[in-house]
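The following exercises are to be worked with the sequence and the model at hand. Each task is followed by a solution in steps.

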Amino acid sequence: MSTATHKLLKGATGDWEMVIGMEIHAQVTSNSKLFSGASTEFGGEPNTHVSLVDAAMPGMLPVINEECVRQAVRTGLGLNARINLRSVFDRKNYFYPDLPQGYQISQYKSPVVGEGEVLVELDGGRSVTVGIERLHLEQDAGKLLHDQSPSMSHVDLNRSGVALMEIVSKPDIRDAEQAKAYVTKLRSILRYLGTCDGDMEKGNLRADVNVSVRRPGGPLGTRCEIKNMNSITFIGQAIEYEARRQIEILEDGGAIDQETRLYDPNKGETRSMRSKEEAHDYRYFPDPDLLPLEFSQSFVDELRAKLPELPDQKKTRFVADLGLSAYDASVLVAERESADFYETVLDRLANRSRDGKMAANWVINELFGRLNKEGRDITGSPVTAEQLAAIIDLIGEGTISGKIAKDLFEIVWQEGGDPRALVESRGMKQVTDLSAIEKVVDDIIAANPDKAAQVKDKPQSLGWFVGQVMKASGGKANPQSVNDLLKSKLGI
Amino acid sequence: MTDLTSLTLAEARKGLADKTFTSLELTDAHLSAMEAARALNAFVLETPDQARAMAREADGKIAKGDAGPLAGIPLGIKDLFATEGIRTTACSKILGDFKPPYESTVTKQLWRDGAVLLGKLNNDEFAMGSSNETSCFGPVVNPWRREGSNTTLVPGGSSGGSASAVAALLCMGATATDTGGSIRQPAAFTATVGIKPTYGRCSRWGIVAFASSLDQAGPIARSVRDCAMLLRSMAGHDPKDTTSVDIAVPNYEAAIGKSVKGMRIGIPREYRLDGMPAEIEKLWEAGAAWLKAAGAELVEVSLPHTKYALPAYYIVAPAEASSNLARYDGVRYGLREQGRNIIEMYENSRAEGFGAEVKRRVMIGTYVLSAGYYDAYYLRAQKVRTLIKKDFEDCFAKGVDAILTPATPSAAFGIGEKGGADPVEMYLNDIFTVTVNMAGLPGIAVPAGKDAQGLPLGLQLIGRPFDEETLFSLGEVIEQAAGRFTPVRWW
């Protein structure tokens with residue numbers, strides 16, 4: 001593991017270093033809510049997924065959803081974190097119309113998951129380890145609708161009571177790039193685990209970002225918290241803006257007010273939401289409706305035994321078993337869907353030890369390149385893993401050249417079909433029969449006597465002959481055979 | 001035929017089974033009694049149509065021979081219990097005309113066993129009070145009066161409607177709840193029997209919450225046996241309340257008449273308060289003597305942290321209440337008083353909807369949980385609670401089967417007489433009962449005698465966790481020795 005050098009910001013009075021910590025709110029993937037049986041389905045008509053408990057009717061009581069606990073523990077294991085066999089649910093008291101109980105059930109002093117860490121890869125083979133402070137379970141709030149009536153706001157409680165995991169990092173992040181890479185990595189881990197779908201557009205993954213600046217290595221500055229960010233790009237922009245804003249204040253001799261801020265992506269700036277003085281006194285205390293959450297070590301061990309392979313482990317395996325470069329391996333494992341696609345290609349290959357690395361190149365360069373060009377993602381790829389595996393098999397066994405393979409890929413992309421049948425029906429097979437190539441070779445040598453003479457002194461110019469022959473064969477000649485034949489005919 | 005309303009629940013059960021009378025007749029007798037007793041203000045809602053329909057259904061089942069254990073027995077339900085489609089207000093203005101679309105687990109079990117709903121009973125607003133004077137429907141009047149006096153007395157609280165209705169023969173039994181003494185104190189003030197079972201014995205689901213870690217449902221009835229019968233139907237594990245305990249419900253009635261010979265009864269010296277009226281002292285001694293005569297052994301025990309119980313209770317209970325009552329915000333149901341913005345709407349609705357005592361407790365609770373005070377108040381109160389619990393555990397570990405104490409420091413007092421200037425004066429009513437809630441133990445109040453003015457007084461028995469049976473056995477000994485007490489009808 002290499003330690004990253006991070007970006008410092010230049011101010012008028014010297015360099016500044018950013019100190020960043022994050023609280024990620026990740027919606028737990030589960031069919032029902034944290035303390036009620038109501039559905040967690042997204043996009044229902046307002047107030048159609050609301051139980052008596054979610055609406056906080058008098059006398060209603062919360063009952064913990066065990067699946068949400070399992071998901072939190074699995075996530076903790078995925079973050080290499082300590083799992084607390086006993087944790088406590090607390091009430092966080094405040095009034096807001098989207099909070100029917102008048103308190104959010106959360107975990108304050110005793111979270112279900114303690115300290116852990118995440119390895120975050122950066123460009124150029126650098127990486128940084130970000131510490132996890134804790135992970136706890138809590139209820140989501142409902143949503144206010146302000147556009148339904150000219151004089152009133154309406155409340156939609158569909159989200160009220162949905163389980164969230166709040167994942168709190170240590171202040172180990174030092175610049176916007178690291179922050180973005182951390183969220184990306186965390187999201188990837190959650191999606192591998194299947195504990196959160198990571199859909200930031202729907203708000204299923206959102207981040208509060210704490211930013212402060214200091215002189216490199218100096219004492220910590222006062223932080224500001226930027227609330228409720230649901231785009232990785234905006235997180236980067238907000239951090240850059242916020243750090244610059246703070247530096248400007250400090251360099252002008254001012255002081256930073258500890259406050260909560262919001263990022264406005266249209267203006268590209270953060271603005272104050274509430275100051276420390278205006279902060280709520282949440283009056284946390286243990287929820288007397290719920291017993292402490294207790295489970296056994298064997299419950300944890302069982303979940304651990306059934307964890308899927310996570311991106312770091314997969315990357316290591318790709319490098320060790322298939323000889324992929326670390327970079328290629330990280331590109332493939334970054335998204336669970338990409339890794340799954342690649343692994344399906346591997347499974348279908350006739351000879352994965354021979355062609356596994358080639359398959360990685362094809363997935364990364366040809367497939368991802370083409371998908372990016374068209375703005376599609378891997379799940380919408382017109383070329384299936386099976387088709388791509390067939391194309392790679394055809395290259396590996398020498399039936400087609402790499403160049404023909406690109407044409408074939410294009411045909412499959414556009415028209416679909418079985419690559420092997422297409423090669424057959426469209427006469428794309430590589431010519432390896434020497435006698436068929438020999439005439440072409442002879443003709444080209446005969447037509448270019450001066451070049452033929454030169455090549456004996458300048459063997460590098462053999463490439464020109466190879467190119468001519470390939471061109472004349474319509475790309476179907478086997479380049480190695482052409483090479484060998486030319487060498488013997490030209491006497492080099 | 002004797003007046004059907006004067007039967008005990010056990011006697012009525014026999015009469016129904018023998019077809020001496022029908023549930024409809026029994027129900028109608030009670031509905032008439034309720035109508036005639038409106039001066040007591042015990043019921044805040046009478047449900048005669050519902051009652052007669054349920055009675056007919058019970059009669060049908062009795063005729064077919066598949067009657068449940070409470071088939072055809074008319075009951076009153078404290079207005080803290082959610083009753084489906086029937087107004088449930090916790091006697092607070094803030095719930096307005098709230099009709100829950102659900103039935104509390106406890107009442108659901110009563111209907112399952114064939115009981116008949118007569119109506120909803122008055123109580124202190126959100127069960128906060130010891131005199132039933134804080135109800136938005138006005139105070140309940142105790143059917144008992146001092147000899148030769150027309151002064152109206154409180155029935156105690158918060159289950160004042162339950163106690164008053166049972167004592168005045170308006171219902172055969174009633175549901176009640178007890179957070180700091182709200183079953184036992186009104187039972188003692190009205191010469192009825194009330195048991196607060198072990199915390200976790202009855203489901204809290206569908207009961208308007210006051211202080212979740214202390215609230216527990218229980219019955220008030222006219223005899224120990226009647227309480228045993230009711231509790232059997234009310235108790236039981238409920239997966240919808242994770243604090244309810246999954247222990248089989250015994251046939252409590254079987255404990256009635258069981259010998260108490262050899263049982264060790266603790267007499268806690270800390271309950272001997274300075275300035276305690278001599279008649280309370282005398283009553284306590286009488287109770288001890290009766291138990292001794294029945295073969296029990298008396299031992300002096302010490303519960304050293306008793307004196308801290310009341311102050312600690314008045315931190316823990318308001319703290320939980322301040323949070324539990326946050327849901328009454330005018331947004332989704334109940335009273336809404338408009339304002340220029342959301343904060344004003346909250347303020348107006350809660351200012352208008354809550355009474356003075358509720359507001360006082362919400363403010364105390366908010367204060368003790370606030371930053372900088374939490375450790376000094378709430379956390380310390382919880383520590384005290386642990387110590388109180390340990391006091392009892394130590395006592396039971398020494399082989400004590402139950403503890404005998406007075407139920408209240410005095411008999412019923414006049415309406416408007418107490419707590420006007422100093423709320424603590426009212427809070428002191430619960431001095432003997434709150435420790436039991438703080439420790440989560442079962443406690444029963446049994447009528448044991450009268451004071452010099454002819455007002456009933458009760459004794460309390462405190463048991464081991466989930467050992468309500470011992471309390472029923474011992475309670476019945478006191479009941480047999482002391483006799484039954486019925487108020488002279490004046491209303």
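**Exercise 1. Describe the packing of helices α7 and α8 of chain A.**

Solution. Step 1: the axes of α7 (residues 336-348) and α8 (residues 352-374) of chain A come within 10 Å and cross at roughly 145°. Here axes are lines fitted to C-alpha atoms, for helices over the stretch in contact, and angles run from 0 to 180 degrees between N-to-C directions. Helices (H or I, at least four residues) and strands (E, at least two) are DSSP runs, numbered from the N terminus.

Step 1: the crossing of α7(A) and α8(A) is right-handed; a crossing is called right-handed if the near helix is turned clockwise from the far one by less than a right angle, and left-handed if anticlockwise.

Step 2: on the α7(A) side, A:F341, A:Y342, A:V345 and A:L346 meet A:R352, A:G356, A:A359, A:A360 and A:V363 of α8(A). Contact requires C-beta atoms, placed from the backbone, to lie within 7 Å. By class, this contact comprises seven nonpolar, one polar and one charged residue, where Ala, Val, Leu, Ile, Met, Phe, Trp, Tyr, Cys and Pro count as nonpolar, Asp, Glu, Lys and Arg as charged, and the others, Gly among them, as polar.

The model is predicted: local features need pLDDT of at least 70, side-chain atom pairs count only at pLDDT 80 or more, and totals for chains, interfaces and linings use all residues. Residues are numbered from 1 along each chain as its sequence is written, while chains are lettered from A and ligands numbered from 1 in the order in which they are written.

**Exercise 2. Determine the strand order of the open three-stranded sheet in chain A.**

Solution. Step 1: the order is β5-β4-β15, with antiparallel pairing; strands pair if DSSP finds at least two bridges between them. Step 2: β5 (103-106) and β15 (285-286) of chain A are the edge strands, each pairing on one side only. Step 3: four bridges join β4 (residues 90-93) of chain A to β5(A), and A:D90 stands opposite A:S106 in β5(A).

**Exercise 3. State how domains 2 and 3 of chain A are related.**

Solution. Step 1: an automatic or database domain assignment gives chain A domain 1 (9-304), domain 2 (309-425) and domain 3 (434-490). Step 2: the C-alpha centres of domains 2 and 3 of chain A lie 32 Å apart. Step 3: four residues of domain 2 of chain A are in contact with four of domain 3 of chain A; those on the domain 2 side are one nonpolar, two polar and one charged.

**Exercise 4. Where do the residues annotated "active site" in chain B lie relative to one another?**

Solution. Step 1: the unreviewed UniProt entry assigns "active site" to B:K78, B:S158 and B:S182; UniProt positions are in the numbering used here, feature names are shortened, and annotations may be inferred rather than shown by experiment. Step 2: they span 105 residues in sequence, yet no two of their C-alpha atoms are more than 11.3 Å apart, so they gather at one spot. Step 3: B:S158 is found in the loop between β3 (116-121) and α5 (160-167) of chain B, and a cis peptide bond with omega of about 10° joins B:G157 and B:S158.

Notes: Two residues are in contact if their C-beta atoms, placed from the backbone, lie within 7 Å.
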